[in-house]
Every structure is written in structure tokens, then in C-alpha cells.
Amino acid sequence: MHTGPLQRDAQHPTSRCLRRSRRSLGIRLGVILAVFALIAAACGGGDDDESGEAPAPDPDTSEESEAAPATTVPEEMEEVVEAREAGEATGEDVRETETGPVHGGKLVYGIEADSANPFVHYATSCAISCRMIFRAITDSLYITDADGDIVPYLVESESHSDDYMEWTMTIRDGITFHDGTPLTGEAVAYNINLCRLSQLTGPAFLGIANVVGEGQTVTVTASPGQPLATGLGPAGRAEVCGQMFSQAWMETLPNNPLYVSPASPLPETARTAAIENATGNPSAPIGLGAFRYVSYAPGNGNSFVAERNPDYWRGPNGVTGENLPYLDEIEFVVAVDIQGRSNGLKAGQFDIIHTANADEIAKYEGDSDFVLLQANDFGETSHSLINVASGVNPVLTFVRGGYDADGDGQPDEGEFWPMDPLGLNSTNPLVHLSCRKAMAHAFDGERYANERHQGLVQVANGPFPPGSVGYLEESGFPSYDLDAARAEFEQCKADSGQNPVTFSFNTTNDAFNVESNELIASMWTEAFGDELAVSIAPIEQGQYIGLALAGVFQMQGWRNHGGVDPSEQWYWWNSATASPVNPQVPELALNFGRFQDPEIDAAFQVIRHNPDPAARKAAAEAVNRAFGKNVWNLWTYWTLWGVIANPRVQNITSLPIPDNAENSFPVIAGKHHLGQIWCTDGDCQG
């Protein structure tokens, strides 16, 4: 029976080496971009950079551009820089605190985006900013500790059958939601089952046949032939559906999947009656976290406010008898533009901000007026997302039980689901491998990193950053090589039948992102001249993710795939989640690029269902090589996140884990915990 943590890869020598190197540096180690329904109006984007002001790229820049000038690094930053360059910057706050933990104060946090369909896990378009709010108002079944292991949190213990077909979780007793209702096995099962029914989150739970709660116990049963090698750890950590919300509250919500999902087990009459009585407010969440909801106003410049929960399970009146949380109040203010967010910090409007804009992060290195934490370990991969929807999808046809081509209500033998029935993607040259390889070979990653990110980021060659299971120094992804690019481009013209080869390259509509796309496009133009025509299409953030879901794009800048375990990525890349491009019958496609790769599908069968660490590692590396061979995405760089605060904000990342010798992992893809933060003298502003 298994009761220990889910290992990052305990037998992987590289992981052990990385852990030793972190300790030698003195750095204590002690998503997903989620998606939303097609009709949602999102305020958060999935583009690879953030807004900001930067000089436009010089169209006359030579192919062999000079590297950006080296930044003088203060002595106190040297260890952080070494870790960042090794891909293992954790974002840990290692300062000696000015005062001991003290209660009081209001923390104002400048976040990068608002969220669509707030604020419940099965419905919310939960990007990084949303997940920060979730971490304030509720807690998760599992948590990632400082060694990168996924360990129980609200779960007290877990075990599994010998064949991994059944997992049993015991939930901590005595924890209550903000409405006073208890956290029980039934409440946990209700949370998970709603996520299973949701069109948005359901794919993450494919392979689970049944979830039942009784008392403080939850039993999870796998689908036949699909053992759960990792249990619910990856799906149950501090990311969206791992977070717990009040069953009593969710029963009042009109968007409850039990009432609106076609797969709901409720009879139609019961669903209709439930919807008629569903008067709850999804924007007023009821969790069980350190802070409880006070108010929310959507839109840029507006905020989400939460106050201290006096009955927190980790507080003096709670299960553990600790003193958390320390702050009286948190206000999350949406500040989409990075320059506005940064200026707001400097002016005292914000006490703390986060950003994935390395150009802005560089400005704070050595600035003693602010605390700068940098994190790229377990981070996201920025890339150009490509829509390759074409042909038919046999895997999706099998999962759906066939395809009714003639409309007689019966599946037709030998017919498969068409991926692009209206031909919306038929003019996209990037459906051809030669065109994708040409663009990849013509991209100068080092130049991009220097000109757009001050040389602080690492050029990516695959979806898995250094230190992650699946990372490879040589993935087979096309390297910068203009001769190879031009050779592939000749084939691209023949395959696509286009000259000039023409496609659109979407970005969110802010200056920094537009200029970043323009730099990439200028590299391609330098390589292929007037035989290539790329149009930069700035898109309002409210539409951006929706276009990816609908498949109404050719290429767009993207940022995704941060995670601790490779199993967290499978639903982004599986053939079964590559839904057709058909706005007339809109469907969610978590596989945004609509690619079908049998090697990746086979590898994830091992990753998800084989408990052997060596086999899972080899399979993750196979996924990486398949991406390198088929160039489903154009990888650009591994994202660097910065958390920047005024020095009065103390203990930004060191959250102890009950019954565990380690703290939580400091920062994962721009997210950290909040209950352990206090401010000097109980005053964040001074």
C-alpha cells in the first residue's frame, strides 16, 4: 500500500543532481492555463508575454545580432542568477525577517488578468491570477512540497490497491467551509464529480470510473484497464479542481454541471427544478481557505477582496492550532498592463505584483527598494501555438462511439469525425510539417531572448523545462539553421501550393506582445523574403482563448504547460481531446492545436497508468522527442516569473506543511501561497 508522496522522479539521477546543486547554492527547497467555454468573455490571455512598452524591433537587424549587454549582478543576487541559468530558480524568499510573525494589515496584490466565469473550479477560466485568488480563499487536496513531491494536504492519508485500480483517501477531520458546513468525504466526492461532469474540466478526469465519499473517506475507482498510477495527486494539487468549495454553495449555482451537463445523471425533471431554484452567485465563492470572500468587481482596474478567516483550519481555532493567516485582508487588483502594474508598485498603489515579463524583471535586479523573487522551476513553456486541424480523427470517433455521417441517428461503419468540416483551416500552410520545420529553423531563439527578455530566459527545445521529468538536452526540435530553413521552405511551398506562403499570427492586443510577434515574423522574413506573408493579428484578450478553443486561428503566441508531473499535460496533447473546428457546433478542445500523434498517445498510456518511475521517465522523454520530430508547436523559451514586493511584505513563500518536514514549493508558474505572509509591524504600507 502506498502512503508516501508522489515523486517527481526519485530514481532520475538528473533530479538528484539538481537537488544537490540547489543545496550547494544555498537555496532551500525545504496548469495550466485552464480554458473556458467558447462563449465566455475572458479577461486573461494565454499569450506568451505581457503588456509593456519596449522599442520596436529593427527590421534591418542582421542574422547574427549581438547579444544584449551583460547586466551587472549584485552579490546578493548571484545565487539566484546561477539557479535561474540552471533552470532551477524556485522563487524562495530567503530574507531574514525584520520582525516575527505578526497579525494585521491589508495586502494589495497587482495581478496580470481577470478571470472569465468566476469563481468555481469547474467553470472558471483559471489562469495564473485566478489561481492566486483560489489559493487565498480555499485549499487543495494535495500540495507540492519543497522537494517537488506532491503530498497530501487536506487529504490526511492515502492508499491504493495492489493493481492501482482503487485509491482511498482519508480527509482531515474538523475542517469547515466558510459557510460552516464540514469538509467530509461526501463534499470532496461532490467537488470531484462536478469537475468530471464539466465540459471544461472533465477531460482531466478521464480514466476514472467512480468517485464515492462516505464519512471522511473518498474511494476513487479507475476505469477498466486504466490503473491510476499516480492517484489523484496531479489532478488534486493546488490547481483548479484540486481546490475544494462548499457543496451547499455549489448546489445553489445555475451553472452546476449536475443541472446543465448533457452527461448529468439527474432526470430531466430534477434538473429543470434545480435550475429554477438555483439563485446562488458564482462570483461569491465559498471555500475553506485562509481568507473568505468579501467582494468582487470584474474588469481591468477592479478587484477581488477577501478578509481573514477566523475559523481557518490552520488557525488558533482550527485543527492544527497554528496562527495562520497573519494578514487581515487581501485585495487582488487587476492591472493588465505590466508598466501600469510596475508603476503602481513603485507608487505604493500595490504592495506586491507578479509578472512573466523578463524585460521588466531585469529592471528590479539590484534595486534594494524592492524584494525580487525569480522562479522558472516547474514553469511554463512559451511557444507559438499552431492549428493543424485537418483530415479525420479515429481516436475521437472511438471515444464517442462512432460518427453519424449521413445523419440517420446511427454511427456509420468506416466513417470518422472530420477535424475541419467547414474547411476553415484548409488554407493554413502550417498543417504541413515542412512549413512548421521551416519556421522553427528560421527562429533565432538566442536573439529573441536577448532582445525581448534581457537574456534572462532560456531558449526552449521542448515542452519540459530543465529539472522536469521528460526534459532532454537534445530533443530533436529544429535548431536555428537558415540553410535548413530555406530547404524546408522550398518543400513547404510545394506542399501548401502557396507562393507567397501566407498565414496569420495572433497575439493579445498589447504593445509588448505585438512587438514580440513582429520580431519573430521579421526573422522569418529575413529568411524567406517576399515568398512569405505573415500578418500580425492583435486580439482583444476577451476573445483570445476562445479562438483557441474554437480552432479559429492559424498560429498564436501562447504560454502553458507548467506542472510538476508529466501526467498533468496529457489532456492538452491527446488525440481524444482534439475536437473538430466547427463554430456552428462549438466544442471545447483542450488540445488547442488539434494535432494527433500516436506516439504521444501511447507514451501517455505509460505516464498515466504505469507506476514504474523509470518507465514514466522514458515515456515523458518519448513525448518530448515526438514534439521535436513533428513540430506541433514552435517552442520559444521557458518562462521566468518574478514576484516583486515592497520590503515590508515578509515571508512571501515559506508555508509549512502539517505533518511534513518540508515547506510548500515556493513559486510554481507564477503562483505561491498567501496564508503565511505577514507585514512589518502588521502594516503593509508603512
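Tyr571 counts as buried, at 11% relative accessibility, where buried means under 20% relative accessible area, exposed over 50% and partly exposed in between (1.4 Å probe, protein chains only). The model is a predicted one, in which local features need pLDDT of at least 70, side-chain atom pairs count only at pLDDT 80 or more, and totals for chains, interfaces and linings use all residues. Residues are numbered from 1 along each chain as its sequence is written, and side-chain values use heavy atoms, with hydrogens and water left out.

The structure holds 31 aromatic pairs. Rings of Phe, Tyr and Trp (its six-membered ring) pair if their centres lie within 6.5 Å; planes under 30 degrees apart count as stacked, over 60 as edge-to-face and the rest as tilted. The pair of Phe464 and Trp573 is edge-to-face, because the ring centres are 6.0 Å apart and the planes stand at 75 degrees. Phe464 lies in the loop between β16 (458–459) and α14 (482–496), and Trp573 in helix α17 (residues 570–573), so this pair ties together parts that are 109 residues apart in sequence. Helices (H or I, at least four residues) and strands (E, at least two) are DSSP runs, numbered from the N terminus. Phe464 is buried, with a relative accessible area of 6%, and Trp573 is buried at 1% relative accessibility. Tyr571 forms an edge-to-face pair with Trp570, at 6.3 Å centre to centre and 80 degrees between the planes. Trp570 has a relative accessible area of 5% and is buried. Ring pairs also link Phe464, Trp573, Phe595, Phe604, Phe627, Trp632 and Trp635 into a cluster.

Two members of this cluster, Phe604 and Phe627, take part in the contact of helices α18 and α19. Two packed helices are described by the angle between their axes and the distance between the axes. The axes of α18 (residues 598–609) and α19 (residues 613–630) come within 8 Å and cross at roughly 160 degrees. That angle makes α18 roughly antiparallel to α19. Axes are lines fitted to C-alpha atoms, for helices over the stretch in contact, and angles run from 0 to 180 degrees between N-to-C directions. Angles under 35 degrees count as roughly parallel, over 145 as roughly antiparallel, 65 to 115 as roughly perpendicular and the rest as oblique. The crossing of α18 past α19 is left-handed, a term for a near helix turned anticlockwise from the far one by less than a right angle, with right-handed used if clockwise. On α18 the contact (heavy atoms within 4.5 Å) is made by Glu599, Ile600, Ala603, Phe604, Val606 and Ile607, and on α19 by residues including Ala615, Arg616, Val623, Phe627 and Lys629. The residues of this contact divide into twelve nonpolar, no polar and three charged. Here Ala, Val, Leu, Ile, Met, Phe, Trp, Tyr, Cys and Pro count as nonpolar, Asp, Glu, Lys and Arg as charged, and the others, Gly among them, as polar.

The contact is made by Ser434, Cys435, Lys437, Ala438, Met439 and His441 of α12, and by residues of α14 including Leu482, Glu488, Phe489 and Asp495. The residues of the contact of α12 with α14 divide into eight nonpolar, four polar and three charged.

Asp93 lies in the loop between α2 (78–85) and β1 (106–111), and is buried, with a relative accessible area of 6%. Not counting residues up to four places away in sequence, Asp93 touches Leu373, Gln650, Asn651, Ile652, Thr653 and Ser654.

Most residues other than glycine have a negative phi, and most peptide bonds are trans. Asn651, not a glycine, has a positive phi of about 55 degrees. Asn651 is found in the loop between β22 (649–650) and β23 (678–679), and is buried at 15% relative accessible area. Ala669 is also placed in the loop between β22 and β23, has a positive phi near 50 degrees and is buried at 5% relative accessibility. A cis peptide bond joins Pro118 and Phe119, with omega about -10 degrees; Phe119 lies in the loop between β1 and α3 (128–137). The peptide bond from Leu324 to Pro325 is cis, with omega near -10 degrees, and Pro325 is found in the loop between β9 (303–308) and β10 (329–334).
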